[in-house]
Amino acid sequence: MTEQQPEQSSDSATPGGQGAGAAPAAAQSPVAGQSQVAGLAAEYAAKAGLHRTDDGRVDVLRSAGGVQGIAESIVPGLVFLVAFTVTRELTPSLVAALASAAAFTIARLAQRRPLTQALAGVVGVGISAWLANTTGRAEDFYLPGFFTNAAYILAMVVSIIVKWPVAGLLFGFIRNEGVEWRKDPDRVKAYRLGTWVIVAVLALRLIVQVPLYLMGADGLAALATTRLIMGAPLYILGVWVAWLVTRPAPADVEDQAGGGHAA
């Protein structure tokens with residue numbers, strides 16, 4: 001909403017196109033560029049599945065995919081663990097996990113809901129099943145998740161280094177800050193801290209789960225259990241904590257309100 005205002009002012013500066021009108025148009029170009037970045041941030045937040053409540057707060061449960069989305073992320077791994085524990089057969093266990101992931105896709109089709117999350121789950125389970133079936137090691141079913149976590153950690157650390165912390169792109173959209181927070185060193189610092197919180201959550205998964213993976217079959221049950229516990233539940237907790245540590249100070253909120261009245 002707010003990011004469209006600079007574009008309107010840019011249009012109003014262009015009549016005539018020459019002389020005095022050209023300078024304001026040029027002066028507005030950086031603002032227009034920020035407007036485009038703010039739009040991209042909002043689009044990124046939407047694609048990331050981040051949602052806000054009616055009172056402008058982050059909807060943590062919905063951002064995690066809601067009850068059905070959480071089930072889609074947990075059930076295939078749980079089915080694989082139970083099936084392998086009971087049968088000690090890799091192939092039937094992998095088939096059962098794939099079938100459970102496919103069932104969620106069929107359910108979304110019946111509900112006429114977006115298939116993106118369910119299809120991503122099917123692809124992820126399919127890759128994990130293929131890898132485990134290829135190597136013949138049940139613990140390899142969980143191996144792709146380590147690379148996914150590592151990739152997210154790398155991307156978030158880079159975002160902190162270049163001073164575009166991911167938490168700012170996501171939460172700034174929810175708080176209607178756009179990318180204006182980048183003009184305030186304190187807000188940049190807060191969003192960098194919030195991004196570090198999410199990085200810590202992802203890193204904790206690797207710290208706990210990689211040693212269990214390296215134990216081979218002896219660590220499979222513990223690996224599968226920690227994968228379930230440290231999946232959606234830990235993600236929800238991490239997002240909530242990151243939201244709390246990036247809240248604007250009360251004085252900043254009052255200043256913004258005062259500035260709005262002055263305008």
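Mentor: Just after H9, glycine 216 adopts a positive phi of about 75°. Helices here are DSSP runs of H or I with at least four residues, strands are runs of E with at least two, and both are numbered from the N terminus. This is a predicted model, in which local features need pLDDT of at least 70 and side-chain atom pairs count only at pLDDT 80 or more, while totals for chains, interfaces and linings use all residues. Residues are numbered from 1 along each chain as its sequence is written, and side-chain values use heavy atoms, with hydrogens and water left out.

H9 itself covers residues 185–214, 30 residues in total, and reaches 43 Å from its first C-alpha to its last, close to the 44 Å expected at 1.5 Å a residue; the expected span is 1.5 Å times one less than the number of residues. At its start, a side-chain oxygen of aspartate 184 lies within 3.0 Å of the backbone nitrogen of aspartate 186.

The axes of H8 and H9 come within 7 Å and cross at roughly 110°; axes are lines fitted to C-alpha atoms, for helices over the stretch in contact, and angles run from 0 to 180 degrees between N-to-C directions. H8 is therefore roughly perpendicular to H9, a term for angles of 65 to 115 degrees. On the H8 side, the contact (heavy atoms within 4.5 Å) is made by Val166, Ala167, Gly168, Phe171 and Gly172, and on the H9 side by Tyr191, Gly194 and Thr195.

Conventions: A polar contact is a pair of N or O atoms within 3.5 Å; within protein, one must be able to donate a hydrogen and the other to accept it, and residues adjacent in sequence count only if both atoms are side-chain atoms. Angles under 35 degrees count as roughly parallel, over 145 as roughly antiparallel, 65 to 115 as roughly perpendicular and the rest as oblique.
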